[in-house]
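Trainee: Could we go through this structure together, beginning with the ligand and then turning to the loops and the surface?

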Amino acid sequence: MNQKEVIIIGGGLAGLTAAIHLAKNDLFVTLFEKETYPHHKVCGEYLSREVLPYMESLEIPVLEHNPKMIDKLFFSTHNGKYLENSLALGGLGISRYALDTILYRKAKEQGVVFKHEKVHSISYNDDLHEIQTSEGTYKASYVLGAYGKRAVLDNDLGREFFRKPSPWVAVKSHYHHESFPEYLVALHSFKGGYCGLSKTENEAVNVCYLATYESFKQHKNPEIFKESVLQRNPFLDRFFTEAEDLFDKPLTIAQVSFSQKSLVEDHVIMLGDAAGLIHPLCGNGMAMAIHSAKIASESLLKHLQLKTDRKDLEREYVAAWKTQFHRRMMVGKWLQKILLNESFTSISQSIITKMPFLLPAIIKQTHGHAIN
Ligand SMILES: Cc1cc2nc3c(=O)[nH]c(=O)nc-3n(C[C@H](O)[C@H](O)[C@H](O)COP(=O)(O)OP(=O)(O)OC[C@H]3O[C@@H](n4cnc5c(N)ncnc54)[C@H](O)[C@@H]3O)c2cc1C
């Protein structure tokens, strides 16, 4: 196989995993990431265990970093009804601060070149990509877009979803709490959103919530929103009364979009959230980002080995992505609608608490099997 240059834009879970996979297979990979490591990210930090065998096959030492083994789900409605149930496959509680850094170190060890530059634009001519960053211009035969949910690059590429406003904001912080169980992921709903809690490798409880911009904007800041809206749920009220916030201020992001996205745009292969974000209620976006990196890396390696047409590579990636994720995305959308849509919530949440097996069964539909 000829050594080909690959540029990856974005060093989150998808970009870093693809970089490790491709570098392990002797490709020359340059990864552009605008931030330096380590850094915190807005995320529920519950990683489905389905990707563990694949991560092990890439020798990513995630289990050495004391992630929490989560196998129970606790769900509560805004008025205090609740259910508790086992999770079939379970997950790991690990902070993005730790996980992204573990992947970063592995990628460096594999010889991936890191450039901490923000990519402003991408163009494609004569079978070659050209990317412009804050520091200069770079060329490569292949570009993987792993730059997350929403970036100015989406505007530059003319992606349709970018033009649609999205009504979701997300907020995250770490807390110290004496007795939050390490085997548990808790989902507490409140008017206009829900909040996920789970313990991470450093004993902190990650608290991350998603709320509609409409409800958020009525309150002046996250602290007031927490007190006036989240703490109406008795479980959240108890947690926040007992816990100590470990961040100076919470991380927030706006315009979280669940719209359908193109999987290839101007010959850039999109992975992770850049290809599509499943609703965080499903707790599977991180695993899907890692899995999409596997699919993209395998498609690219096969294309180089068999010297197929670029169109075949793109077609194969799109087909494989859809086979793995299309159904999960649809179930995720449906779950979001029934649990968070104001007109259905009371009815659907009360049905779900009366039939406690229902929610884990639906969530299972948004997860895959263990992948090697
Ligand atoms: C509120 C919320 C809670 C969630 N909770 C969970 C959960 O508990 N479990 C779960 O599995 N999933 C969860 N998810 C989903 C999960 O966070 C994402 O699916 C996952 O982070 C996707 O990884 P990624 O690599 O695609 O993107 P990211 O991790 O966002 O990485 C993208 C990277 O690209 C970089 N970047 C962006 N633009 C540029 C540029 N122009 N140039 C250079 N670099 C750039 C960014 O700095 C970033 O590091 C949650 C999502 C939200 C919004």
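Predicted model: local features only at pLDDT ≥ 70, side-chain atom pairs only at ≥ 80, totals over all residues.

Trainee: How many residues surround the ligand?

Mentor: The closest residues are E33, G44, Y46, R96 and D273. The shell divides into 17 nonpolar, nine polar and nine charged residues, where Ala, Val, Leu, Ile, Met, Phe, Trp, Tyr, Cys and Pro count as nonpolar, Asp, Glu, Lys and Arg as charged, and the others, Gly among them, as polar. The number of residues that surround the ligand is 35.

Trainee: How far is an oxygen atom of the ligand from an N or O atom in the side chain of D273?

Mentor: A polar contact is a pair of N or O atoms within 3.5 Å; within protein, one must be able to donate a hydrogen and the other to accept it, and residues adjacent in sequence count only if both atoms are side-chain atoms. A ligand oxygen lies 3.0 Å from an N or O atom in the side chain of K41, and a ligand oxygen is 3.5 Å from a polar backbone atom of G283. For the side chain of D273, the distance is 2.6 Å.

Trainee: What percentage of the ligand's accessible area does the protein cover, and which element gives the largest share of the shell?

Mentor: Of the 1,000 Å² of accessible area that the ligand has on its own, the protein covers 95%, with areas taken from the Shrake-Rupley method with a 1.4 Å probe and, for residues, only the protein chains shown counting as cover. The elements that give two or more residues to the shell are α1 (13-24) and α8 (285-306), helices (H or I, at least four residues) and strands (E, at least two) being DSSP runs numbered from the N terminus. The largest share, three residues, comes from α8.

Trainee: Is S257 buried or exposed?

Mentor: S257 sits in the loop between β16 (251-256) and β17 (264-265), and its side chain reaches the backbone nitrogen of S259 at 3.2 Å. Buried means under 20% relative accessible area, exposed over 50%, and partly exposed in between (1.4 Å probe, protein chains only). Because its relative accessibility is 2%, S257 counts as buried.

Trainee: Which residue does a cis peptide bond join to Y37?

Mentor: The bond has an omega of about -5°.

Trainee: What is the phi of E59?

Mentor: E59 lies in the loop between α2 (52-57) and β4 (68-76), and at 48% relative accessibility it counts as partly exposed. Although E59 is not a glycine, its phi is positive, at about 60°.

Trainee: Where is F235, and how far in space is it from G10?

Mentor: F235 lies in helix α7 (residues 234-242), and F235 is partly exposed, with a relative accessible area of 27%. F235 and G10 are 225 residues apart in sequence, and their C-alpha to C-alpha distance is 37 Å.

Notes:
Residues numbered from 1 in each chain as written. Heavy atoms only, no water. Near = heavy atom within 4 Å.
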